[in-house]
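Subject: Structure for you to look at

Hello,

I am passing on the structure we talked about. Please open it alongside this message; my notes follow below it.

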Amino acid sequence: INTEMDDAAVDAKIEELKKVDYERIGEREYVEFVTVRNCGDNARFVELAKKAAVLERGVILETTDAEAAKAAVEAIKDVKPVVNGVNKDNLEAMNEIAKTYGIVLGVQGADLNELHDTVEALEKAGNKNLILDVTAPTIKETFANAVLVRRTAIKDGDRTLGYPSIVNLGVLCDHNEHLETALASVFVLKYGSIIVMDKIGYAEA
C-alpha cells in the first residue's frame with residue numbers, strides 16, 4: 001500500500017492479502033509482510049503504518065525520508081517494523097532510528113558498489129541488522145544484483161553482502177500482475193528472501 005492510494009483502495013488491498021492464508025503440507029502459507037510506501041505525504045504514511053500494524057503481519061516502511069521514518073516507527077514501535085530506504089545520504093540518521101527502536105534496516109544503493117559501501121559504513125557504526133534491497137531499474141539488473149550479492153557472500157567470502165535480499169516487484173513490474181507473478185517464481189529460486197508484490201491473491205500464491 002502507498003500514500004497515493006485512497007482509503008477504499010487500501011482497504012481492498014488489505015482484504016485481498018487476508019485471503020492468502022492456508023495450510024500446505026503442514027505449513028502455514030500466508031502474506032508475511034505488508035509494505036507501506038511513502039510517496040511524499042508523511043502524515044498519510046504514519047496513518048497507513050498504523051493500519052498495517054494491526055494486521056498481525058510484519059510491516060516494511062519504505063521511505064528515504066528519515067523524519068518520516070522516525071514518525072512512523074514511533075507510531076508502531078511495538079511491532080518492530082523494517083525501514084527500507086537507507087542509502088549513502090541518510091545512513092547516519094536512519095542508523096540512529098534503528099539503534100533507538102531496535103529495528104532492521106533495508107539498505108539501497110545506485111549500484112552494488114554503493115550498496116556495499118553503505119552496508120560497510122553501517123557495520124562500522126555497529127549495525128548488522130540489515131536487509132539488502134537489490135531492486136534495480138530493470139529486470140536484468142535486479143536479477144544480476146540478486147545473484148551477485150549471494151555469490152559474493154558465499155563464493156568470494158565477502159560477508160559485507162551476506163544479508164537477506166529484498167526484491168520489490170511492485171516497483172519493477174509497473175503494475176503488470178502477470179509479469180509480477182512470473183518474476184516472483186524466478187526470485188523465489190534466485191535468492192529473494194523477501195519479495196514485495198503489488199498484487200497477491202490465492203492464485204499468485
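E56 is exposed, with a relative accessible area of 75%; exposed stands for over 50%, buried for under 20%, and partly exposed for what lies in between, using a 1.4 Å probe and protein chains only. E56 sits in the loop between α2 and β4 (58-62). Its phi is positive, about 60°, although E56 is not a glycine. The labels for helices and strands come from DSSP runs numbered from the N terminus, where helices are H or I with at least four residues and strands are E with at least two.

Before the rest, some background. This is a predicted model, in which local features need pLDDT of at least 70 and side-chain atom pairs count only at pLDDT 80 or more, while totals for chains, interfaces and linings use all residues. Residues are numbered from 1 along each chain as its sequence is written, and side-chain values use heavy atoms, with hydrogens and water left out.

A second residue with a positive phi

Y191 is also not a glycine, and its phi is near 75°. Y191 belongs to the loop between α8 and β9 (194-196). With a relative accessibility of 29%, Y191 counts as partly exposed.

Helix pairs

Helix α1 (residues 7-18) packs against helix α2 (residues 42-53) at an angle of about 30°, and their axes are 12 Å apart. An axis here is a line fitted to C-alpha atoms, for helices over the stretch in contact, and angles run from 0 to 180 degrees between N-to-C directions. α1 and α2 are therefore roughly parallel to each other; the scheme takes angles under 35 degrees as roughly parallel, over 145 as roughly antiparallel, 65 to 115 as roughly perpendicular, and the rest as oblique. On the α1 side the contact is made by D7, V10, D11 and I14, and on the α2 side by R44, E47, L48 and K51. Contact means heavy atoms within 4.5 Å. These residues divide into 3 nonpolar, no polar and 5 charged. The classes are as follows: Ala, Val, Leu, Ile, Met, Phe, Trp, Tyr, Cys and Pro are nonpolar, Asp, Glu, Lys and Arg are charged, and the others, Gly among them, are polar.

I14 of helix α1 is buried, with a relative accessible area of 6%. Apart from its neighbours within four places in sequence, I14 is in contact with K51 and L55.

α2 has another partner in helix α3 (residues 66-75): the two axes come within 9 Å and cross at roughly 30°. α2 and α3 are therefore roughly parallel to each other. N42, F45, V46, A49 and K50 of α2 meet A68, A69, A71, A72 and A75 of α3. By class, this contact has 8 nonpolar, 1 polar and 1 charged residues.

Helix α6 (residues 139-154) and helix α8 (residues 177-189) pack at about 20°, with their axes 12 Å apart. They are therefore roughly parallel to each other. From α6 the contact takes in I139, T142, F143 and A146, and from α8 it takes in L179, L183, V186 and F187. The contact of α6 with α8 has 7 nonpolar, 1 polar and no charged residues.

Nonpolar cores

Which residues have the most contacts inside the largest nonpolar core? They are L61 and L169, in a core of 54 residues. The largest share of this core, 6 residues, comes from α2. A nonpolar core is a set of buried Ala, Val, Leu, Ile, Met, Phe, Trp, Tyr and Cys residues joined through side-chain atoms within 4.5 Å. Leaving out neighbours within four places in sequence, L169 is in contact with E180, L183, A184, F187, I195, V196 and M197. There is a second, separate core of 6 residues, which includes I131, I166, I194 and V196.

T118 is in helix α5 (residues 112-124) and counts as buried at 3% relative accessibility. Not counting residues up to four places away in sequence, T118 touches N87, K88, L91, V107 and Q108.

T152 is in helix α6 and also counts as buried, at 18% relative accessibility. The C-alpha atoms of T152 and G162 are separated by 8.0 Å, and the two residues are 10 apart along the chain.

Regards
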